Structure formats: structure tokens, C-alpha cells
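Me: I'm new to this one, so please pick a single part and walk me through it slowly. I'd like to hear about the inside.

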Amino acid sequence: MLPQEIIRKKRDGAELSALEIGDVIAGLTNGQVTDAQAAAFAMAVFFRGMTMPERVFLTRYMMLSGSQLDWSDSPGPVLDKHSTGGIGDNVSLMLAPAVAACGGYVPMISGRGLGHTGGTLDKLDSIPGYISQPDIALFRKVVREAGAAIIGQTSDLAPADKKLYSIRDVTATVESIPLITASILSKKLAAGLQGLVMDVKTGSGAFMPTLEGSRELAKSLADVATGAGLPTTALITDMDEPLASAAGNAVEVMNAIEYLTGAHRDPRLHQVVLALGADMLLIGGLVATLEEGFAKLEQAISSGAAADHFQRMVTALGGPSDLMENAEKHLPKANTILPILANREGVVHAIATREIGLGVVALGGGRTRAEDGIDHGVGFTKLLAVGASVSNDTPLGFVHARNASDAEAAAVLIRQAYSLGDGAPLIRPLIHDRFQGKGI
Ligand code: URA
């Protein structure tokens, strides 16, 4: 069928067949569907939506547009977690080795920072020598030997997504739940996983700020992935304040190392690591209940086994073999580190979390254009959580900047992002909801 006839059908609100969706994706990959037609298709889906079967077909055809990894020789279940992105969201750095220490195998393919949200790959690139784009043979070897490898996107997995995403990005069609679902899941299906846990963030720092929108996305991701053959559970977790007390790149790696070695563990972050990890172990058949999953992960983290897996992954991917003991020596540092004083008394009632992420970008720790380089040393540490009491000279956090004027500008931004009040604030739940994929 001609692409324009398929676009017309979707424009008029009809359901597309598997064949029609397959034609659009094949045409996108081989150049027979023009960028203009792909943009019109995306806009038609944006306004008309897609039924669950259409979403599954779109996801599967996008997955089939490139190569797929095969882990059939894996000694244990091949599991992954994917987050829709947040601030101080360094969960992957502790979760992947913790799940590995419990018998899972985690080939985690991560992205760079997008807009105000940080990217796991940028964080790992702050480790000197770390090869974040290894070839497939090294990737497989590290997953097998360390139980986890966190690397960057390879161009041969779901190339149709790369093409369609770059068109959506410039045609105001990113914010479509069917298109987001197919985009994320086509890459996860191509990675050959056996189980997936989605961390859908909600709140002022999330890409989907409302709980209603996050629920709709979580349910779509869990059901479409499961329908496409990848058992998936989605948790909706809070992003109305930074998850870790650090936001940036090297500072979040340091926070993860402190977490894994037991030097410092942010409590909200720990709860999210346990909740996502327990569901990963359950999907992988490594535990029979979520409670058992929580206990197994607590043991893997407190015994140092998770830290050991993290170090093995870093060493195998070319990073320093003494990173856990000498992180201070290896990680890049900013020239200027200053406290951001509250300048008044009160209790932290709310944090405009997106502004903290934009603060990292303004310091040079994130990108405004895809081709920009970043400064891995800058960011924020010791950020106070909602509910903390402060006086005039209490630091709301510390800024790590390239120079004093950047630090001053960031301090102003952080003071504005923190709303101080009197009395106890409203504390939001950390885990808002959980959807086990039912398929379609
Ligand atoms: N991340 C993706 O990979 N795709 C989207 O469409 C949105 C976020």
C-alpha cells in the first residue's frame, strides 16, 4: 500500500493492520518512506493514538529493523531495568551489580542525558578509561564474567527508532504514548532480554509530570512489552525531588560508590533500588516473592557483593581496578565547590526538581545540543530532601562548578528551586503504583 494511503487511514482514526505498520517501518528503514511522510505518520499517531495490537506491531517491526542480541547461552536470566529519566537518578549504577550479585545477568544499554534529565552513559564516561561503546564481543564477555555491563546504544539495534525519533524530535511528536512505548521497547526487545522492569518517573523532575500520564505510560509499556514477548513490570516512582542527594555525572558515580561500599546511602534511593530489583529477581525466577527479593538484595548490597560486581564491570571495561577504594583520586573534580546557604529558617516543603536538572545543564554537566561535550566534574551534592529543617546558614546543598560566577548563578537557581515553609510538609509516596504486564 502507498505510504500516503496508510497515513490517510491513521489520520482518519482507523486501526492499521500489521502489514500496513510493517510497510511504514520497512519504508522508513530503506528510504522509500520520506521524512515528510514519516513526520505525517507520527503526527497522525499523535492525534489518533494506537490500539494495543497496533502498538505491539509497531514495536516488533521497529525491533526487526536491525539486529537482535541472543543470550541463549546465558547461565542465568537476562534482565534489565529502564527508567524514563530523572534527576539524581543513578539507580542503574547500583541496581545492575546488585541484581548480578543475586544471579541475574544484566546487559544494560543506556542513553545520554536528554533535556533536563541525566544519562547513565554520561555518568559512566566520567570514569577514566571506561569503554562505554565496546564491541558486541566485549559486551557479551563482561556480562558473562561480571554479571552486568552498562554500555551505550549501538547503531544496529532498532535503527528505525533512531530515524523516527530524530524526526519526532523536530516535529513536536515526541510526547505520544504509543510512539514512546514503541521507541523504548523496540530497543529493549532487540537487546534480547528475558525480563524487564520499567521505572516510570512522575513529578516535577519527570518527563511525564502528572500521575495520570505516568500511569497511562506505565500500563502501555508493561502490556505492550509483555504482549510482544518480553515479560515486564512497570513501577511508577516519585521524581518530585531528586532521588539521590547528588545530581551531575562524577558526583553521581561517587554517590553510587558510597552507596555500594556502605559509606553513605540515601534512603529514598535505597528503597527504589530494592523495589525495582525485587521485581527484576521475581521476573527472572530468582525469587518466589517480592519479600524474598528485598531480602536477597539487602544481603547482596550489605555484604559488599554488589560492590564487587560493580568493580569487576568497571575493570573489565577498561576503568581503574581500584575505583572502589580510590574513587576520589580517579573521578574528575570541579575547581570551585561552594555551599548554597538557605539564607532563612524553615522546612523544605517542595523542590522544583526540573530546575535542579537545568542547573546541572547550565553548569556544563548536560547538553543543550546533541553534539555538545559536557563537563563531568560539575553538579550538586548533599542536596537536602523534602522535610529537612534549615536555619540561615544551613547549606541546601553544595555546588561544584568550573568557576565562582557559575557557582553563584547555580546557587541562586537552587535557592529558587527550594520552597521553604513552616511545619511538616506533605510527603508523597515513593512508589506510586505497580503494573504487571498482562499482554494484550
Ligand atoms: N526515550 C526513548 O528512547 N524514546 C522516546 O520516545 C522517549 C524517550
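**The main core**

Reply: Let's start in the middle: the largest nonpolar core has 117 residues, and the members that touch the most others are Phe310, Ile356 and Phe380. A core here is a set of buried Ala, Val, Leu, Ile, Met, Phe, Trp, Tyr and Cys residues joined through side-chain atoms within 4.5 Å, with buried meaning under 20% relative accessible area (1.4 Å probe, protein chains only). The top contributor is helix α12, spanning residues 267-283, which puts in nine residues; helices are DSSP runs of H or I, at least four residues, numbered from the N terminus. Domain 2 (79-326) and domain 3 (333-421) each supply members, so the core sits between those two. Ile21, Ile25, Leu164 and Ile167 are among the members of another core, a separate one of 21 residues.

Keep in mind that this is a predicted model, where local features need pLDDT of at least 70 and side-chain atom pairs count only at 80 or more, while totals for chains, interfaces and linings use all residues. Numbering runs from 1 along each chain as its sequence is written, and side-chain values use heavy atoms, with hydrogens and water left out.

Now for the wider layout. Besides domain 2 and domain 3, the protein chain has a domain 1, covering 3-49; the bounds come from an automatic or database domain assignment. Taken over C-alpha atoms, the centres of domain 1 and domain 3 are 44 Å apart.

Definitions and conventions: Buried means under 20% relative accessible area, exposed over 50%, partly exposed in between (1.4 Å probe, protein chains only). Helices (H or I, at least four residues) and strands (E, at least two) are DSSP runs, numbered from the N terminus.
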